[in-house]
Each structure stands twice: as structure tokens, then as C-alpha cells.
Amino acid sequence: TFHEIKESFLPDTPVKAMRFIPAFASSILVPIVYLTCRELGVSWWGSFTCASMILFDHLHVAEGRLLTTDTSLVLLMAVAFYFHIRTENSQIFSYKWYINVSLTGLFLGLMMSTKWIALNVLGVVGIATAYDILDRGHIGISFKYGFDKNRVNLKDFFIRLTLLLIIPAIIYVISFYGWISTTPKWGEIGSNRMSRAFQANLINSNVKSNEPPPSFYETFFDMQERMYTGNRDVGKG
């Protein structure tokens, strides 16, 4: 736990392993940009140029040297968008289509588990998916045919609803379960943002509480409320 910026790491801190994650994420982003451009129909030269712009971007290089989640977040958003494009380019209900939709949902869940700012990408993918479903007329409503009850085919709608909304939500909840389960020790900075009942049940905690230990779901929803309040206060500031 760090009280101030510029504090030194403890001797047993795995600094190299921690720095590997953002460095790896920033490196992998370059080929992902290239592949995404190719899926969008851009020529190999244009795709190479776009990837090179990321490769030689000073801000991107600097971000990859910092121990933050931002680089990983950008990579997860880029990969989610890449598989979404592959979904649009695949034959609907084919094996590749199911794989690409599933991978899109997987990375949507991972990016949402990293930072809430990823809601922007979730919204973009959601709007694009809704447009595609309406364009195909699978729910009886389309831009081309208007309303036609004979074209109703809810299979596409429910598959995408499950893989692009429910699966990411499950991954989001699981990520918090993993975090709560693997951080049993009390910390002066992070733990004091939790409820007293939660703090009282942590190892080395000096907090006392007569309340029973909160369940995972109680802790989960309490954390969501506290994160929402914190983000709202930052926005007001």
C-alpha cells in the first residue's frame, strides 16, 4: 500500500513481472490495429501505416512503461472491437460467427472488469449490433422492409443478447469475486473505502464491528455504489 506517489517498492515486490503486463499490452496493440484495419477492408499498406502510427506514438510508448491499467484497457477494447468486426464479416450462425461473437462478449466483459470507461465501447458495439439485427429484419422490424411479422426470427437477437450482454455481466461479477477472495488482508488506503463489516473480517484489521460478515453479493453491490459515488464526485470536481 502506497501513501504517496514516488514511494519506493518493497524489496520483495515483483517489479519486472508487474512492468511486463503494460509493456506486453502496448506491444500487442500494434498487430491488433493492423488486423482490425484488414478486417475493415483497408489495404495492407494502409493497415501497415495505421499500425505504425500506434507503434511510433510517444504517448503510447510512455503509457506502456507505467504500472497502470490503462494500457491493458486499451488493448482489451481494441481486441473486443476486432472480434466484433470479424463477427460482422462472418456468415451468420456459422461456426466462425459463433466463435467471434463469443470472443467479443469475452473481451467486453474483461474490459468492463478493468475500468468503467469501457462502457463507451460496449455502447458502440451495442448500437452496431442493434443496427445489424434491424438491417437483417430478424425481429420483424428492419430499415428495408419496415414491420413484417413474417420475418420474425428471434434466434439472432437472443444469441447476441446472451453472448454480448449476459456473458460480459457474468465475467464482471466473477472478476470481483476473484478480487475479494484473493485479497483477505487489511490495507490502510484501499480497505477504508469499504464497509466496517467488511473491514472487520480482514486479516490484521483493527476495525471492530458488531455486524455479521457481509455476503459476496452485499459486498459486490456496496462496491458498485461506492465506485459510482466516487466517479460522480470526480466528475463534479
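Trainee: Which lysine has its charged end over the ring of phenylalanine 93?
Mentor: Good place to start, and keep in mind that this is a predicted model. The charged end in question lies 4.4 Å from the centre of the ring of phenylalanine 93. A charge counts as sitting over a ring only within 6 Å of its centre. The residue that supplies this charged end is lysine 155.

Trainee: How many helices and strands does the secondary structure come to?
Mentor: Reading from the N terminus, the elements run α-α-α-α-α-α-β-β-α-α-α. The secondary structure of the protein therefore comes to nine helices and two strands.

Trainee: Are tryptophan 45 and phenylalanine 48 stacked or edge-to-face?
Mentor: By the ring rule there are 15 aromatic pairs. Tryptophan 45 and phenylalanine 48 form one of them, with 6.0 Å between the centres and 25° between the planes. Planes under 30 degrees apart count as stacked, so the term for tryptophan 45 and phenylalanine 48 is stacked.

Trainee: Why are tryptophan 45 and phenylalanine 48 separated by about one helical turn?
Mentor: Both residues belong to helix α2, which covers residues 44-55. Tryptophan 45 has 52% relative accessibility and counts as exposed, while phenylalanine 48 has 44% and counts as partly exposed. They are about one helical turn apart because their spacing in helix α2 is three residues.

Trainee: What kind of pair do tyrosine 177 and phenylalanine 216 make?
Mentor: Tyrosine 177 is in helix α7 (residues 155-182) and phenylalanine 216 in helix α9 (residues 216-236), so the pair, 39 residues apart, links distant parts of the chain. Tyrosine 177 is partly exposed, at 48% relative accessibility. Ring pairs also join both residues into a cluster that includes Tyr172, Phe176 and Phe220. With ring centres 5.2 Å apart and planes at 80°, the pair is edge-to-face.

Trainee: Which element gives the most residues to the largest nonpolar core?
Mentor: That core has 36 residues, and Leu108 and Met111 have the most contacts inside it. The elements that give two or more residues to it are α1, α4, α5, α6, α7 and α9. With nine residues, the element that gives the most is α4.

Trainee: Are α5 and α6 roughly parallel or roughly antiparallel to each other?
Mentor: Two packed helices are described by the distance and the angle between their axes. The axes of α5 and α6 come within 9 Å and cross at roughly 155°. Thr104, Leu108, Met111 and Met112 of α5 make the contact with Leu119, Val121, Leu122 and Val125 of α6. Angles over 145 degrees count as roughly antiparallel, so the relation between α5 and α6 is roughly antiparallel.

Trainee: Is histidine 60 buried or exposed?
Mentor: Histidine 60 has its place in helix α3, residues 58-63. Not counting residues up to four places away in sequence, histidine 60 touches Ser26, Leu29 and Ile54. The cut-off for buried is under 20% relative accessible area, so at 14% histidine 60 counts as buried.

Conventions
Residues numbered from 1 in each chain as written. Predicted model: local features only at pLDDT ≥ 70, side-chain atom pairs only at ≥ 80, totals over all residues. Heavy atoms only, no water. Phe/Tyr/Trp six-rings, centres within 6.5 Å; stacked < 30°, edge-to-face > 60°. Helix = DSSP H or I, 4+ residues; strand = E, 2+ residues; numbered from the N terminus. Buried < 20%, exposed > 50% of the residue type's maximum accessible area, 1.4 Å probe, protein only. Lys NZ or Arg CZ within 6 Å of the ring centre and 35° of its normal. Core = buried A, V, L, I, M, F, W, Y, C linked by side-chain atoms within 4.5 Å. Axes fitted to C-alpha atoms, helices over the stretch in contact; angles between N-to-C directions. Parallel < 35°, antiparallel > 145°, perpendicular 65-115°, else oblique. Contact = heavy atoms within 4.5 Å.
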